[in-house]
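Reader: I should like to go through this structure term by term. Please set each value against its definition before drawing a conclusion.

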Amino acid sequence: MNAQPLYDLSPLASLLGLGALLAVGPLAWVYWRNRRCAPLQRLQALRLFTLFLTFDLILFGAFTRLTDSGLGCPDWPGCYGNTSPLGAHHAITAAQDAMPTGPVTQAKAWIEMIHRYLATGVGALILMMTVVSWLNWRARVRVEQASRSVELSPWWATFTLFWVGLQGAFGAWTVTLKLFPAIVTLHLGGALVLLALLGVQVVRGSTFTVPLAMTLLMRRWLALVFALLALQTVLGGWVSTNYAVLACSDFPQCQNRWWPEMNFQQGFELWRHLGVTGTGEPISFAALTAIHYVHRLMAYGVLTLLAVLAWQLSRLAAWRVHSRVLAALIGLQLVTGLSNVVLDWPLLAALLHTGGAAALVLTLTWIAASAAPDAKPAVPAMQRARRHPARADCNREAGMSTLVRPAVMMAFSQYYALTKPRVIQLIVFCALIGMVLAVPGVPSWREMGVVASACLGIWLVAGAAAAFNCIIEKSIDAKMKRTAWRPTAKGELGDRQTLLFSATLCAVGSGLLYFAVNPLTMWLTFATFIGYAVIYTLILKPLTPQNIVIGGASGAMPPVLGWAAMAGNVGPEALILFLIIFLWTPPHFWALALYRVEDYRKSGLPMLPVTHGNEFTRLMVLLYTFILLAACLLPFIYGMSSWLYLGAAVLLNAGFILHAWWLWRDYSDLLARKTFRFSLIHLSLLFAALLIDHYVS
């Protein structure tokens with residue numbers, strides 16, 4: 001094995017030819033079965049067959065992993081430089097004689113190479129699917145079903161082809177890096193992404209798929225469950241590749257304890273070879289226990305959330321088939337997961353557990369791709385039907401179902417809306433940048449815990465300030481089209497409810513920051529709450545057109561809070577980040593105020609376009625973008641960043657100045673909207689560049 005080079009490309013051409021031959025059979029069968037169908041229907045049949053073979057490939061990959069056949073051929077892409085184990089018979093026999101139970105045996109070599117043959121065949125099918133997609137697209141072939149076009153963009157197939165190529169690279173690294181745990185886990189995760197990509201194309205490309213209505217809240221719930229399932233699947237791959245399944249052989253306890261001895265730092269050290277730490281020392285049993293037990297604990301939560309999703313879907317006639325499939329897979333995962341623990345990891349249970357995870361990913365993809373967007377999720381279905389009776393009749397004739405929001409979900413949606421989620425996301429993102437920049441190098445696990453606590457605490461207090469703002473400005477919000485939907489403006493939530501909600505969030509968030517982070521961060525965050533909810537909302541906003549300029553200090557605090565959370569002080573670097581956001585805020589909000597000027601005029605707020613006019617405001621936007629450019633150069637001048645950030649800052653600020661220049665020279669509401677949207681992109685990418693520069697330089 002030591003004499004064999006890791007990469008031997010001599011059999012590559014023959015392997016590609018073999019993959020093409022393996023694809024010929026399915027292609028011929030698909031064409032013959034659908035020879036009288038339209039081109040798009042034949043393409044859909046090819047997608048469906050490719051999806052089926054990809055699922056099989058994932059199962060066979062799990063079988064390869066579970067039988068320890070991943071190094072059955074220790075080079076890539078062939079086996080000891082041959083197309084099949086037949087040509088490598090002598091080399092395999094010698095390795096097997098030296099280590100009869102080692103990684104290289106005749107059986108393991110065949111298992112590994114069959115896995116590679118199947119992968120090559122699937123790649124050939126996806127290549128053909130991409131070619132046919134582009135040919136159909138160019139010919140503008142369309143199939144209409146119930147007045148709905150089902151032609152799918154060929155970029156879906158193109159990206160799938162790119163992804164399967166990336167999967168091939170990870171497969172090669174799995175072998176050449178000798179089952180490096182992080183690579184093996186990413187290889188599994190990439191396979192599930194490939195399955196989801198094909199699943200979307202099958203569902204969206206079907207002529208028989210009728211979109212089913214789903215509210216925005218349910219879509220967000222589905223996205224959350226999907227994200228947690230993806231994380232849980234990656235954790236499962238981490239358990240398997242580290243051979244940690246049997247670290248806990250009893251249930252519900254582990255090693256007869258509810259909280260066994262665990263070493264999280266070793267267990268979740270990502271960049272290391274199999275069985276050893278980054279320093280080359282053997283990994284401890286406590287580390288394997290940590291890997292196993294984290295996967296088990298998270299399984300409780302993920303299965304519960306999946307069960308809630310299945311229950312919600314089961315209450316709706318149009319989604320009952322989906323809910324039943326989901327419920328069956330939840331049961332399968334529960335049974336096979338327990339079997340792996342109490343029955344000492346039997347092969348069949350382990351295969352079914354991997355297959356169940358892949359099927360869950362595919363099922364959630366099916367649900368997400370089948371959902372039709374609800375443009376106005378806050379308006380109940382019956383109310384929409386009364387407003388647009390003709391549209392409601394049309395939906396009934398088309399067989400569209402309406403998702404009825406449960407009362408609990410409705411209440412959650414109303415309270416969640418009070419926190420102004422989009423604004424909070426940007427606040428937490430900026431605070432997170434401040435936290436990361438305050439720590440030299442990669443944060444340790446202890447520091448990651450502080451980061452998580454600080455992000456949650458800042459989110460809670462910022463949400464409390466937003467909710468309090470909704471109480472103060474409910475009469476103003478009701479007059480403005482942009483904010484009239486808020487629960488306080490519509491009278492759906494009273495002042496007492498909102499105030500109690502705000503106080504609860506503030507108290508919980510402040511307590512979390514005080515005890516889990518540090519008192520300085522808590523007091524700075526509370527001061528920001530007072531600055532936004534009281535000084536800005538009650539005093540500045542209704543009294544002066546400079547409200548955004550002065551009140552922008554509250555909005556500029558997140559990176560300072562993040563810095564204080566990790567460093568325990570407020571250094572010059574944090575103040576530079578504060579200055580950037582402080583100077584970014586006026587042109588950002590004034591661009592919004594320009595195309596919302598009538599709303600602000602009706603509300604009686606003295607925003608700059610109302611008090612000083614459109615032309616003066618446009619000039620202020622332009623001038624502030626030049627001042628902002630100078631502030632954005634300070635991280636480089638002070639030594640916080642390198643040339644990488646400087647280049648990004650110059651380009652982003654040039655784009656902002658260009659938008660402001662166009663706005664000043666030739667105003668339109670469309671240009672104002674574009675400037676406002678670009679300002680969001682500007683700040684996000686600027687801080688992202690600062691973060692990347694922090695690790696690269």
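Author: Leu686 touches Ile580, Cys632, Tyr645, Ala649, Leu652 and Asn653, leaving out residues up to four places away in sequence; contact means heavy atoms within 4.5 Å. The model is predicted, so local features need pLDDT of at least 70 and side-chain atom pairs count only at pLDDT 80 or more, while totals for chains, interfaces and linings use all residues. Residues are numbered from 1 along each chain as its sequence is written, and side-chain values use heavy atoms, with hydrogens and water left out.

Reader: What makes a set of residues a nonpolar core, and which residues have the most contacts inside the largest one?

Author: A nonpolar core is a set of buried Ala, Val, Leu, Ile, Met, Phe, Trp, Tyr and Cys residues joined through side-chain atoms within 4.5 Å. The largest has 86 residues, and Met435, Ile580, Trp590, Tyr645, Leu686 and Phe687 have the most contacts inside it. A second, separate core comprises 69 residues, including Leu46, Leu51, Met214 and Ala287. In soluble globular proteins, nonpolar side chains tend to be buried together.

Reader: How many disulfides are there, and how do you know?

Author: A search of the whole structure finds two, a disulfide being a pair of cysteine sulfur atoms within 2.5 Å. Cys73 and Cys79 meet this criterion with S to S 2.1 Å, and Cys248 and Cys254 with S to S 1.8 Å. Counting bonded cysteines along the chain, the pattern is 1-2, 3-4.

Reader: Why does Thr174 count as buried, and where is it found?

Author: Its relative accessible area is 10%, so Thr174 is buried. Thr174 is found in helix H5, residues 154-176; helices (H or I, at least four residues) and strands (E, at least two) are DSSP runs, numbered from the N terminus. Beyond its neighbours within four places in sequence, Thr174 is in contact with Leu71, Leu179, Ile183, Val184 and His187.

Reader: What makes the protein as compact as a globular protein of its length?

Author: The protein has 29 helices and four strands. Its radius of gyration is 29 Å, close to the 26 Å that the globule rule gives for 697 residues, so the protein is as compact as a globular protein of that length. The radius is taken over C-alpha atoms, and the rule is 2.2 Å times the number of residues to the power 0.38.

Reader: Where is the pLDDT below 50?

Author: The pLDDT, the predictor's confidence in each residue from 0 to 100, averages 84, and 91% of the residues score at least 70. Over residues 141-150 the pLDDT is below 50, and over residues 374-406 it is below 50. Where pLDDT is low, the predicted coordinates should not be read in detail.

Technical notes. Buried means under 20% relative accessible area, exposed over 50%, partly exposed in between (1.4 Å probe, protein chains only).
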